[in-house]
Amino acid sequence: MADERWGPNQMHPDLLPTSLDEQASAVERALRLGAHHLDVGRGDAEHVVLADPDGNELCVLDPGGSFLAGCPFFSSLSGDGLAQVGHFWRDALAWDVVWDRDGETAIQSPVGGPKLTRGGEPVHSKGGRNRLHLDLTPTEGSSSHDEVERLLALGASRAGAGCADAEGPADPGGNEFCVVG
């Protein structure tokens, strides 16, 4: 079982079906695997919000949204955070900014794939260590220590983020991540 919950996760996966049938099938499969519907107080939401058996949120989006057009089924890792956090991850990963409006950002690898998104304000308060986090590996020829130093220079902070056999800094939004390898 995951660490104790302190409130909503700072990030969650978004799934992007290509049809309403695929959306219904994805929701049905998740429910069969132990997920449950989650009421996040957005009755007008145009997507299905679920929680896995440990309570971790995930969204099954409606098909056809232009924001994530061209993304695979696992379309994004969506997170709380201001544009500053999105810009940090842009620089940390050398990915392209594909959305930067009204405090919201999305970045994507130059070769495509899922996006990392930040939703802007409001940002939920953090009440403990994040249950979900990113793991990064150093680029070839670089050590974990060198990578952490590079990320600190970009705006990360030393967080002591409980990473087994790895260093655990945090991004400018306080979200822990691990540098492994």
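Predicted model: local features only at pLDDT ≥ 70, side-chain atom pairs only at ≥ 80, totals over all residues.
Colleague: Now the rings. How do I read an aromatic pair?

Modeller: You describe a pair of aromatic rings by the distance of the centres and the angle of the planes. Searching the whole structure turns up 4 aromatic pairs. Take F67 and W99: the ring centres are 5.1 Å apart and the planes sit at 85°, so this pair is edge-to-face.

Colleague: Where in the chain do F67 and W99 sit?

Modeller: In distant parts of it, 32 residues apart. F67 belongs to the loop between β4 (57–61) and β5, while W99 is in strand β6, residues 96–101. F67 is partly exposed at 32% relative accessible area, and W99 is partly exposed too, at 23%.

Colleague: What about F88 and W89: what are the distance of the centres and the angle of the planes?

Modeller: Those centres are 5.1 Å apart with the planes at 80°, so the pair is edge-to-face. F88 is buried, with 2% relative accessible area, and W89 is buried at 3%. Together with F177, F88 and W89 make up one aromatic cluster.

Colleague: Which charged end sits over the ring of F67, and which residue lies over the face of W99?

Modeller: For F67, the charged end of K115 is the one, 5.4 Å from the ring centre. For W99, look at R101, which is 4.0 Å from the ring centre.

Colleague: Last one, the nonpolar core. Which members of the largest core touch the most other members?

Modeller: A nonpolar core joins buried residues of nonpolar kinds through side-chain atoms within 4.5 Å. The largest has 16 residues here, and F88, W89, L134, L151, A156 and F177 touch the most other members. Two or more residues each come from α2 (83–93), β9 (134–136), α3 (144–154) and β12 (177–179). The biggest share is from α2, with 4 residues. Another core, of 8 residues, lies apart from that one and includes V27, A30, A35 and V60.

Notes
Residues numbered from 1 in each chain as written. Heavy atoms only, no water. Buried < 20%, exposed > 50% of the residue type's maximum accessible area, 1.4 Å probe, protein only. Phe/Tyr/Trp six-rings, centres within 6.5 Å; stacked < 30°, edge-to-face > 60°. Lys NZ or Arg CZ within 6 Å of the ring centre and 35° of its normal.
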